[in-house]
Each structure stands twice: as structure tokens, then as C-alpha cells.
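Reader: I am new to this one. Where should I start, and how do I read what I see?

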Amino acid sequence: MGKIHILEEQIANQIAAGEVVERPSSVVKELVENSIDAGSTKIDIVIEEGGLQSIRVTDNGSGIEKEDCELAFLPHATSKISSSKDLFQIRSLGFRGEALPSISAVSKMSCITSTENTGLGYKVVNEGGVLKAVEETRASKGTDITVKELFYNTPARLKYVKTIQTELGHISDYIYRLALAYPDIRFTLTHNGKTLLQTLGNGDLLQVIAAIYGRTVAKAMIQVTGSNMDYSLSGYIAKPEMTRSNRSSISFIVNGRYIRNPFLNKAILNAYHTLLPIHRYPICVLHIQMDPTLLDVNVHPAKLEVRFSKEKELMVFLEQELRKSLQKQVLIPAAKEPK
Ligand code: ADP
Ligand code: MG
């Protein structure tokens with residue numbers, strides 16, 4: 001007799017969840033990215049105890065249709081792509097259809113959603129990947145998801161979770177990046193009742209920079225813009241005298257996605273060259289737009305790493321544009337502020 005059998009869906013989802021849901025911040029990331037994909041202009045994130053007790057994300061986006069409410073929690077269920085061709089021109093943050101089934105497999109999750117302004121919607125309750133209820137309820141347009149008792153059924157994973165402060169650090173770091181990526185969206189982040197971030201959602205990136213790094217940093221920023229056939233660049237880089245001891249204040253946003261990339265980091269450091277003291281790093285928020293076919297985002301489940309098809313060209317472009325902006329600043333110092 002053969003020994004192989006296909007795993008039950010619930011166990012399969014728990015295994016898959018290990019890849020997507022590493023820690024509380026992964027849940028926050030996936031939920032907020034869904035809110036962004038849903039066209040929301042306002043996203044509120046409320047965290048209790050570093051996300052271990054509860055994570056709540058409320059948006060005013062498109063909402064989920066009644067017919068899709070159950071489907072959305074099944075693996076590989078997505079409204080964002082449909083053919084393999086789509087995989088090479090992704091415009092949304094999500095596309096794998098893995099987040100909701102993965103999160104619900106390792107938590108107690110409730111989702112209230114409505115696609116209309118009628119005041120009515122649906123509530124879907126999931127526990128450990130098992131659908132508990134779908135019922136009609138009062139709801140405003142958008143989606144309101146609460147995730148409680150994360151990893152309650154995966155004790156091994158729970159052991160890897162660090163202190164509340166560390167987990168909160170990961171959460172706020174990612175929300176800051178998303179806020180920098182979407183200055184048009186009003187974000188609030190609250191932890192244990194304390195507001196950690198509030199952006200205006202008026203499209204002003206410098207306002208978001210001020211909200212995250214403070215007004216002194218915002219005042220020391222140089223605006224950059226530039227474009228060529230393939231890329232268009234916009235954002236802010238700090239004057240060389242405003243530095244940090246590590247690279248964590250460098251944010252790249254490529255086609256609306258916050259990414260990490262050592263080559264782009266290198267291009268920035270090359271542009272500053274000798275302007276930076278040794279072992280000091282700048283504060284930069286750079287938005288890069290390119291044709292989605294020049295970019296492979298399907299490299300890693302968290303999609304923080306991407307592959308550029310013309311990496312070298314992108315590096316050269318970035319370095320040149322930043323150097324131009326820095327040179328202008330150094331040659332023509334800003335007028336002194338009146339006393
Ligand atoms: P993906 O984002 O890769 O499509 P998810 O598991 O994260 O997969 O979500 C499944 C589907 O549920 C999405 O494709 C979308 O249609 C729907 N959905 C999830 N969150 C929201 C939300 N906040 N607003 C509207 N629709 C949502
Ligand atoms: Mg998603």
C-alpha cells in the first residue's frame with residue numbers, strides 16, 4: 001500500500017502560513033496592502049500588545065462582495081490577477097491569494113465588509129482556518145478586519161515572537177514605509193491607545209516625512225525628480241549634513257511597493273560619495289516608476305525583494321540623478337532663513 005496522501009486543507013494552510021505570516025508585522029503588512037489595493041483613501045491600524053493580542057485594520061476601500069466573502073479566505077483566491085500573463089505586469093501589491101487564508105489559519109479573525117453605502121454588509125468569522133460564520137451585519141463601506149490571538153494554535157511559531165517592543169518596532173517600521181509610499185492615503189497607527197502616526201493624506205510626501213522623522217529632518221530635505229526612457233524618479237534626499245548611523249532610513253518605493261535592494265543602496269552612497277562622513281548614511285525617500293514588465297516581484301512571498309531586468313542601467317540613472325540634485329545644493333547653498 002502506498003504511504004503518500006494529500007494533506008487536509010487546514011493543515012496545508014497552516015504550513016503555507018509559516019511562509020507568509022512570520023510575525024505580527026506580516027499580518028499588518030498583508031492587511032494594509034489589501035486596503036491599499038482596494039483603493040482606500042483612509043486606513044486606520046489599531047494594535048494591542050505588539051499585535052499579539054489584536055490587530056485591527058479598517059479601510060474605506062471597495063469592500064468585498066457577498067459572493068466573495070467565503071472565497072476570499074481560500075488559498076489562491078484573488079481578484080487581482082487571472083492569467084500567467086498578468087504575472088509579468090503586476091500593478092497591485094497583492095496577487096498570490098495567500099494572505100487571508102494564511103492569517104486565518106493561525107489566528108481568530110473577523111472581517112466586516114461592505115461594498116455599498118447602505119449601512120449593511122457582511123461579517124465573516126474564521127478560527128484556525130475554519131469558517132465559523134457568515135452573516136449580514138451593519139457596516140459602512142470598506143473593510144474592517146480584526147485578527148486576535150495570533151499563533152494561538154502554532155506554539156512553535158509563538159516561541160519565535162520577540163518582545164512587544166520589538167514586534168511593535170517591526171510593525172511601525174513597515175507602516176512608515178507604506179505611508180511614505182502613499183502620501184495620498186490618510187494613515188493612523190495606534191498602539192495600546194497611543195497614536196504613533198497620523199498622516200494627512202493630502203499627497204504631500206514632505207508632510208509624511210515630517211510626521212515620521214520630525215520637522216528638522218523634513219527641513220533638511222532636497223527634492224529630487226528625473227526621468228529617462230525607462231524610469232521616472234521623484235522624492236526627497238537629505239542634505240549631506242543630516243545623516244544616520246545605518247541604512248534603515250533609506251526607502252525605495254518602486255511602482256508603489258516598498259522594496260529593499262543593495263544595488264540601489266549602493267547607487268545612493270555613490271551619489272553622495274565623499275559628501276558623507278564614514279559609516280554615516282543618508283535619509284532618502286525615493287519613488288521610482290517603471291514599466292511593470294521591467295520588474296519581477298514574484299521572487300519572495302513577502303515581495304520585499306524584487307528583480308530588475310536592467311539593474312545596471314537603473315543604478316546608473318539613480319546615481320546620476322541624485323548627484324545632479326546634490327551638486328545643485330552644494331554649489332548653490334539655500335538662502336539663510338531670516339532671523
Ligand atoms: P491577494 O491580495 O493576493 O489577492 P489576499 O488573500 O490578501 O490575496 O486577499 C484575497 C482577496 O480578498 C483579494 O484579492 C481581494 O479581492 C479581497 N480583499 C482582501 N482584503 C480586502 C480589502 N481590505 N478590501 C477589499 N477587498 C479585499
Ligand atoms: Mg493581499
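Author: Start with a sheet. This is a predicted model. Look for five strands that form an open sheet, in the order β9-β10-β15-β12-β13. The pairing is mixed.

Reader: Which strands stand at the edges of the sheet?

Author: Count the partners of each strand. β9 (221–227) and β13 (257–259) each have a single partner strand, so one side of each lacks a neighbour in the sheet. That puts both at the edges.

Reader: What is the average twist from one strand to the next?

Author: The twist averages 20°.

Reader: In what sense do β9 and β10 pair, and over how many bridges?

Author: Follow the two strands side by side. β9 and β10 (residues 231–238) are antiparallel, and seven bridges join them. For one facing pair, find S227, which stands opposite S232 in β10.

Reader: Which helix lies across β9, β10 and β15?

Author: Look for α6, residues 205–213.

Reader: Is E49 buried, exposed or partly exposed?

Author: Count the C-beta atoms around the residue. E49 has 14 others within 10 Å, so it is partly exposed.

Reader: Where does F151 lie, and what is its phi?

Author: F151 sits in the loop between β6 (142–148) and α4 (155–160). Its phi is positive too, near 65°, and F151 is not a glycine. Count again: F151 has 19 other C-beta atoms within 10 Å, so it is partly exposed.

Reader: Now the whole chain. How many helices and strands does the secondary structure come to?

Author: Nine helices and 17 strands. Next, compare the radius of gyration with the globule rule. The radius is 22 Å, close to the 20 Å that the rule gives for 339 residues, so the chain is as compact as a globular protein of that length.

Reader: What share of the residues is buried?

Author: Buried residues make up 39% of the 339. Look at contacts as well. Of those with a separation of 6 or more, 66% come from residues 24 or more positions apart.

Conventions. Residues are numbered from 1 along each chain as its sequence is written. Chains are lettered from A and ligands numbered from 1 in the order in which they are written. This is a predicted model: local features need pLDDT of at least 70, side-chain atom pairs count only at pLDDT 80 or more; totals for chains, interfaces and linings use all residues. A residue is buried if 20 or more other C-beta atoms lie within 10 Å of its own, exposed if 12 or fewer, and partly exposed in between; C-beta atoms are placed from the backbone. Helices (H or I, at least four residues) and strands (E, at least two) are DSSP runs, numbered from the N terminus. Two strands pair if DSSP finds at least two bridges between them. Axes are lines fitted to C-alpha atoms, for helices over the stretch in contact, and angles run from 0 to 180 degrees between N-to-C directions. Two residues are in contact if their C-beta atoms, placed from the backbone, lie within 7 Å. The radius of gyration is taken over C-alpha atoms; the globule rule is 2.2 Å times the number of residues to the power 0.38.
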